[in-house]
Amino acid sequence: MSDLTKLTIAEARDGLKAKKFSAVELAAAHITAMDSARGLNAFITETPEKAIENATASDARLAKGEEGKLEGIPLAIKDLFCTKGTLTTAASHILDGFKPEYESTVTSNLWNAGAVMLGKVNLDEFAMGSSNETSYYGNVVNPWRRQTDDQPLVPGGSSGGSASAVAANLAMGATGTDTGGSIRQPAAFTGIVGMKPTYGRCSRWGTVAFASSLDQAGPMTRTVRDAAIMLEAMAGFDPKDSTSVDMEVPNFEAALTGDVKGLKVGIPKEYRLDGMSAEIEALWNQGIEWLKAAGAEIIDISLPHTKYALPAYYIVAPAEASSNLARYDGVRYGLRVEGEDLADMYSRTRAEGFGAEVKRRILIGTYALSAGYYDAYYLKAQKVRTRIAEDFREAFKTVDTILTPTAPSAAFAFGEKGTDPLEMYLNDVFTVPASLAGLPGISVPSGLSSDGLPLGLQLLGRPFDEETVIRTAGVLEEAAAFDAAPTAWWRG
Amino acid sequence: MPRQLLGGEVDMGMIIQGATGDWEVVIGLEVHAQVTSKAKLFSGSATEYGAEQNTQVSFIDAAMPGMLPVINRAAVEQAVRTGLGLKAQINKFSVFDRKNYFYADLPQGYQISQFQQPIVGKGVLTIDLKDGETREIGITRLHLEQDAGKSIHDQHPSMSLIDLNRSGVALMEIVSEPDLRSPEEAAAYVKKLRSILRYLGTCDGNMEEGSMRADVNVSVRRPGEGFGTRCEMKNINSVRFMQQAIIYEANRQVDIIEAGGTVDQETRLYDPVKGETRSMRSKEEAHDYRYFPDPDLLPLEFDDAFVEKLKSELPELPDEKKNRFITELGISPYDAGVLVAEKEVADYFEAVAKGRDAKLAANWVTGELFGNLNRTGKSLSESPVSADALGDLIGLIKDGTISNRIAKEVFEEMFETGKAAADIVEEKGLKQVSDTGAIEAAIDEVIAANEDKVAEYRAGKDKLLGFFMGQVMKATGGKANPGVVNKLLKPKLDG
């Protein structure tokens, strides 16, 4: 039975349809896996009863031949998506006890497609972090370990719980959200596929907001095909989200033609950082060779404003966050610490309810929006953002997709980058520009570091051209033939 | 401090005679008008006034995690209508911003408003002054924003309670230029604005229910000099209080300056009980609202066709109506102003006047009808006399069936009982007598009964004509046609 957890979504879908196993059996296998993997701390809330209930309903629909596109597929949900009646925390103390009376559009779409909910997975508090070290519910551990030592490693962030759960076969797929790389970077750190679709492709309604103009939900899976299947179920126009885009959702799986002949792949010179690690560079070059061998045309391009992306991001995202998080005030829901008066209650509640990283970003954001600083910081950052989008627009006149590394390094150990926030922020250097431009991007596991840790390559595409990204990713995936897996030390 | 106030009636405005000379008062108003719409600005919740606490609150209004605003098209249309009514520039591209501050009845921790790019730009409002004079007051802008909820501090010994029914309700903030010069002008401005909003159906203008409230900016200066430092008085919800607040505040500022001090720019609160303003927060304590474009909302864009359609559907507004009443119906500017102030009244008047003598109709509406409504404390909609019924009464006057005097009697009866004029005239036999035979007979009787007076008259005491008129009218029970009496009486008296 435990083999069921190793199936891909596509395989499980076919197996369920062929009645090789039932949805309940599939769910049960994953519940067992979750039970034995508490050491990873991937889940904040496990919902085994719900999983069995969902799976039972799935079996009934399968029996009638009325199955949805994700019928019976057990998924983990990042605990940033509001799930009706199930604790939703954003990994923050301030949302203590919060059980929404509503279901996010993305998760609704998944349940409507027949998916089975295993539980809510851990993340950096309010999705602010690149290592999953800022969760009120503790660190998530990466299933992977270096060959050289047994030091626990970070899974990346902020969708660290999602990444660990999928990499450790606790879930067949997980939802993630990506604001500056929060899907792609943890996918790279854990050897899985993570895709951020175009901004506006998935509804943000019912997802706890971090930075509204950047937040975008996406799938985290073990294969590109699975990501395509899952994205199709998640995506779609939502009149409840004014920034959601009214466009037909294509059949993403059908984009996996395996053919990239004549496809123009851009290689941005600005992504070759000074002091870039040799193995990351080697991986990138290997990726170029694979695509070249598959018939793609490699074109050197320039994205001149790349170096301003990270500073601009660290103004825009905290600015929006400082305002988005103002609603957590102890008045209506979540944590309240009583005080002498209203202002005192606010101070105590927010002092106790938010962790250090969240406070840091609220402070940065509040400062950036303050009278006298707005023009110099926020407005300037928005101008940089426009330039970055223009860079991409220009580049996509000559290329169809852009290939870069996903992250500047493999997963690191806990505490390794804890002292200097700026060093941590550098993790997002390759993922942030596409976030600022709202472009679709995917991370594909493409190789191992010298320590035996997974490394990812990133593909970016034109707005709403996820299909080209998926098609190229499929070719990259096949060429890389990444079949390494972490040893299941956590079961010990 | 109380000192003589001059002016107010004329457009020179209010002048305060200080110890060191004259001071001119400068006033600008920010009126918050609740948009008449079924749903809130960014959610589908109902907006009905007086509903039970916290029953008109969606997840969006309560700022639950992950909730997103979606603009209500109807509210946008109302703002554009209002802009058109204020002859203002309509901005086809506008932006919603977040105004950030913490308060218990502000669930999001920010108010969605419009800061740098409002939906409506510069416009103009014509205020009506005494003697039928008018003055144009500049409108700076109109923008859409959300209302906050309500904090209730007096229902629990240690806690404040929050009612979020109002949270998210659409408001239009309508900002005037600092063009007003007296409390009377400010009052005229609010009344006129209210009238236009009610004509447009974009705000019910109900100040008691808080659907219209004003922030009042007041400063003083030497006539002809530059603007002084202003103070803002927040949330004034009656025209009377507004005028009191302006007078108090202007005098306070003059006192400060004349004592050698300077006015601090600050937000003040008007206390109607004490009749004074007091400091709420100074400029230094003023909030830094950290405005920035709301990333949950796209800029608001619409095309000319959208505006043109709304324009074509606009009702006739008070200024146009007043003009028409004056030029086409021959009504005096004063009466026209009174009749158009409320659309309901104007409609009533037009129904009365239709096909009849408009001046007579105006007199009856502003005279007898208003008098009786005031006396009985009824509103026009509660009037026992419908426009048609009043029109019929006027018809009876015009065709000579009854005299004007009898008509007043009939009207009282109509107001009392709701009966039709013709029925009352019939029942009570009030029909005017124009039959010369009957009137002649009455005249003969009166002459016969008052021979002494006739002699006096004939001796030159002309004034007695009125006495005889009265006697004849009395003898006919007031029903004699006064014109006919007059025509027949004089020759008979003259012998």
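Is A:D344 buried or exposed? At 19% relative accessibility, A:D344 counts as buried, where buried means under 20% relative accessible area, exposed over 50% and partly exposed in between, with a 1.4 Å probe and protein chains only.

## Before you look around

This is a predicted model, so local features need pLDDT of at least 70 and side-chain atom pairs count only at pLDDT 80 or more, while totals for chains, interfaces and linings use all residues. Residues are numbered from 1 along each chain as its sequence is written, chains are lettered from A and ligands numbered from 1 in the order in which they are written, and side-chain values use heavy atoms, with hydrogens and water left out.

Helices here are DSSP runs of H or I with at least four residues, strands are runs of E with at least two, and both are numbered from the N terminus. The A:D344 side chain reaches the backbone nitrogen of A:E340 at 2.7 Å.

A:D465 is found in the loop between β11 (454-461) and α15 (466-480) of chain A. A:D465 is buried too, with a relative accessible area of 15%. Its side chain makes a polar contact of 2.7 Å with the side chain of A:T468. A polar contact is a pair of N or O atoms within 3.5 Å; within protein, one must be able to donate a hydrogen and the other to accept it, and residues adjacent in sequence count only if both atoms are side-chain atoms. Setting aside neighbours within four places in sequence, A:D465 is in contact with A:T198 and A:P440, contact meaning heavy atoms within 4.5 Å.

## Where the chains meet

The contact between the two chains takes 38 residues from chain A and 29 residues from chain B. About 2,800 Å² is buried between them, and carbon and sulfur atoms give 60% of that. Buried area is the accessible area (1.4 Å probe) that two parts lose on being put together, summed over both. Three residues, A:Y102, A:S242 and A:R327, supply 22% of the area that chain A buries against chain B, more than any other three residues.

Across this interface the rule finds 17 residue pairs in polar contact, both at pLDDT 80 or more. On the chain A side, α9 (309-324), α10 (342-353) and α11 (356-369) each supply at least two residues that touch chain B. Helix α9(A) gives the most, with four residues. By type, the chain A side divides into 19 nonpolar, 10 polar and nine charged residues. Here Ala, Val, Leu, Ile, Met, Phe, Trp, Tyr, Cys and Pro count as nonpolar, Asp, Glu, Lys and Arg as charged, and the others, Gly among them, as polar.

## Salt bridges

Side chains of opposite charge can pair when their charged atoms come close. A salt bridge is a side-chain nitrogen of Lys or Arg within 4 Å of a carboxyl oxygen of Asp or Glu, and the structure holds 67 of them over all chains. Across the interface of chain A and chain B the rule finds one: A:R204 with B:D296, at 3.1 Å from N to O.

Inside chain A, A:R61 and A:E71 form a salt bridge, with the closest N and O atoms 3.1 Å apart. A:R61 lies in helix α3 and A:E71 in the loop between α3 and β2, so this pair ties together parts that are 10 residues apart in sequence. A:R61 is partly exposed at 30% relative accessibility, whereas A:E71 is buried at 5%. Over in chain B, B:R135 and B:E185 meet at 2.9 Å, N to O. B:R135 belongs to strand β8 and B:E185 to helix α2 (residues 183-200), so that pair ties together parts 50 residues apart in sequence. B:E185 is buried, with a relative accessible area of 0%.

## A helix in chain B

Helix α15 of chain B has 13 residues (482-494). The expected span is 1.5 Å times one less than the number of residues, which comes to 18 Å and agrees with end C-alpha atoms that are 18 Å apart. B:N481 caps the N-terminal end, with a side-chain oxygen 2.9 Å from the backbone nitrogen of B:G483. After the helix comes B:G495, whose phi is positive, near 80 degrees.

The buried residues of α15(B) are B:V484, B:V485, B:L488, B:L489 and B:L493. Their cover includes α12 (436-449), α13 (451-458) and α14 (464-475) of chain B.
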